[in-house]
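I opened this entry to look up rings, cores and helix packing. My notes follow in the order I took them.

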Amino acid sequence: MVSIIVPVYNGYEFLKECLQSLLDQSFTDIEIIVVNDGSTDETPALLKQYENFKNIVVCHLSRNRGEAAATNVGIQIAKGKYIARMDADDISLADRLSLQVAALESDPDLTLVGAQTQVFGRDGESTTNLFLADGDIKCALLVGSGHLVTTSVIWRRDWFIQRGIWWNTSLPSARDLRFWSDAMLAGAKFRNLPETLVRYRIHGANASHQVEAVRQSSRSTRTMLLRALYPSLDENAISNLVPILEIQFGDVHLNDANALLTAEKSLLQMRSETVSLYGENRHILRDYVDQWISLVLKRIDVLEQGS
């Protein structure tokens with residue numbers, strides 16, 4: 001059985017479409033666990049329509065506790081061998097679970113499976129180009145993109161529970177990145193399927209648009225990953241490097257030339273480390289390091305010209 005966890009907070013507008021896409025799955029041995037995270041809109045009324053569905057379980061939280069806590073509640077309730085995550089505003093294509101379960105069943109060492117995702121909404125449509133292989137996905141976790149899309153992921157429930165890996169409720173955002181990273185450091189094996197299996201909706205209320213919260217949480221996880229992947233770096237070097245790795249936020253926050261020169265030395269040290277520690281692809285990591293070195297040198301040049 002697959003337990004599909006759908007945390008929802010004030011998600012009335014798109015929830016019905018989301019749930020219908022799960023009911024229409026070609027893989028039918030499922031339970032859909034909807035965790036109403038203290039919604040104050042019409043979500044509770046909508047969920048009453050599903051009270052008599054044999055494969056839908058609705059859990060109402062008395063107050064809004066956040067996506068991570070709601071997901072953890074769903075995991076605790078779940079009876080399935082596998083856990084799938086679904087955002088309440090997204091759509092799973094009909095063969096999503098069939099293909100993902102087949103991948104997990106064919107490889108007992110595989111811990112977690114994602115898929116390519118069609119992004120749609122106010123800016124049109126596009127399809128992700130996520131890494132497929134385990135070692136490449138692990139490198140992308142450090143960068144913060146190209147790894148896994150939460151709403152497309154399925155994992156082995158017992159593997160995570162046995163290792164005490166849950167969604168981190170202390171982070172304001174990017175809890176998924178921490179969840180995957182904790183799993184990587186515990187020995188997980190990842191895979192993304194090449195097929196597009198989920199439609200990810202972009203709209204004004206998306207949690208991923210809370211830029212500062214995402215930045216703070218991602219910085220915490222990057223610090224953890226740098227410690228693990230490059231144990232020779234000291235804490236000063238790591239704190240100096242983390243802002244440089246935040247490429248998706250631009251480079252205007254990098255305005256200390258001396259710190260950048262120090263970071264360049266650390267990056268050159270990282271470039272020389274070639275032994276894989278957690279199954280990560282060190283060739284891909286080296287490419288990333290080269291990009292960061294190039295960014296540092298360009299930024300130093302800009303600062304020197306402006307002084």
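Is Tyr50 buried or exposed? I looked it up, bearing in mind that this is a predicted model. Tyr50 is buried, at a relative accessible area of 5%. The cut-off for buried is under 20%, so Tyr50 qualifies. Phe53 came out as partly exposed, with a relative accessible area of 35%.

**Aromatic pairs**

I then turned to the rings. I describe a pair of aromatic rings by the distance of the centres and the angle of the planes. My count came to ten aromatic pairs. Tyr50 and Phe53 form a tilted pair, because their planes stand at 50°, with the ring centres 5.1 Å apart. Angles under 30 degrees would count as stacked and over 60 as edge-to-face, so 50° falls in the tilted class.

Next I checked Phe179 and Trp180. Their pair is edge-to-face, with 65° between the planes and 5.5 Å from centre to centre. Phe179 is buried at 1% relative accessibility. Trp180 is buried too, at 0%. Both residues belong to one aromatic cluster, together with Trp155, Trp159, Phe160 and Trp167.

**Charges over rings**

Which ring does the charged end of Lys138 sit over? I found it over the ring of Phe190, 5.8 Å from the ring centre. I noted Arg282 as well. Its charged end sits over the ring of Tyr230, 4.8 Å from the centre.

**Nonpolar cores**

Which residues touch the most other members of the largest nonpolar core? I noted Trp155, Trp180 and Trp292, in a core of 58 residues. Helix 11, residues 282-306, gives the largest share of this core, with nine residues.

**Helix 7**

I went on to helix 7, residues 175-185. This helix is mostly covered, with eight of its eleven residues buried. The buried residues include Phe179 and Trp180, the edge-to-face pair noted above. Arg175 and Arg178 are also on the buried list, as are Leu177, Ser181, Ala183 and Met184. After the helix comes Gly187, and I noted its positive phi, near 100°.

Where does Asp182 sit? I placed Asp182 in helix 7. At 22% relative accessibility, Asp182 is partly exposed. Leaving out residues up to four places away in sequence, I found Asp182 touching Ile165 and Met224. Asp182 and Met224 are 42 residues apart along the chain, and their C-alpha atoms are separated by 9.2 Å.

**Helix 5 against helix 8**

My last entry is a helix pair. Helix 5, residues 134-143, packs with helix 8, residues 211-229. Their axes are 8 Å apart, at an angle of about 130°. This angle makes helix 5 oblique to helix 8. I checked which residues meet there. Helix 5 brings Leu141, Leu142 and Val143. They meet Arg222, Leu225, Leu226 and Leu229 in helix 8.

Technical notes
Residues are numbered from 1 along each chain as its sequence is written. This is a predicted model: local features need pLDDT of at least 70, side-chain atom pairs count only at pLDDT 80 or more; totals for chains, interfaces and linings use all residues. Side-chain values use heavy atoms; hydrogens and water are left out. Rings of Phe, Tyr and Trp (its six-membered ring) pair if their centres lie within 6.5 Å; planes under 30 degrees apart count as stacked, over 60 as edge-to-face and the rest as tilted. Buried means under 20% relative accessible area, exposed over 50%, partly exposed in between (1.4 Å probe, protein chains only). A charge sits over a ring if NZ of Lys or CZ of Arg is within 6 Å of the ring centre and within 35 degrees of the ring normal. A nonpolar core is a set of buried Ala, Val, Leu, Ile, Met, Phe, Trp, Tyr and Cys residues joined through side-chain atoms within 4.5 Å. Helices (H or I, at least four residues) and strands (E, at least two) are DSSP runs, numbered from the N terminus. Axes are lines fitted to C-alpha atoms, for helices over the stretch in contact, and angles run from 0 to 180 degrees between N-to-C directions. Angles under 35 degrees count as roughly parallel, over 145 as roughly antiparallel, 65 to 115 as roughly perpendicular and the rest as oblique. Contact means heavy atoms within 4.5 Å.
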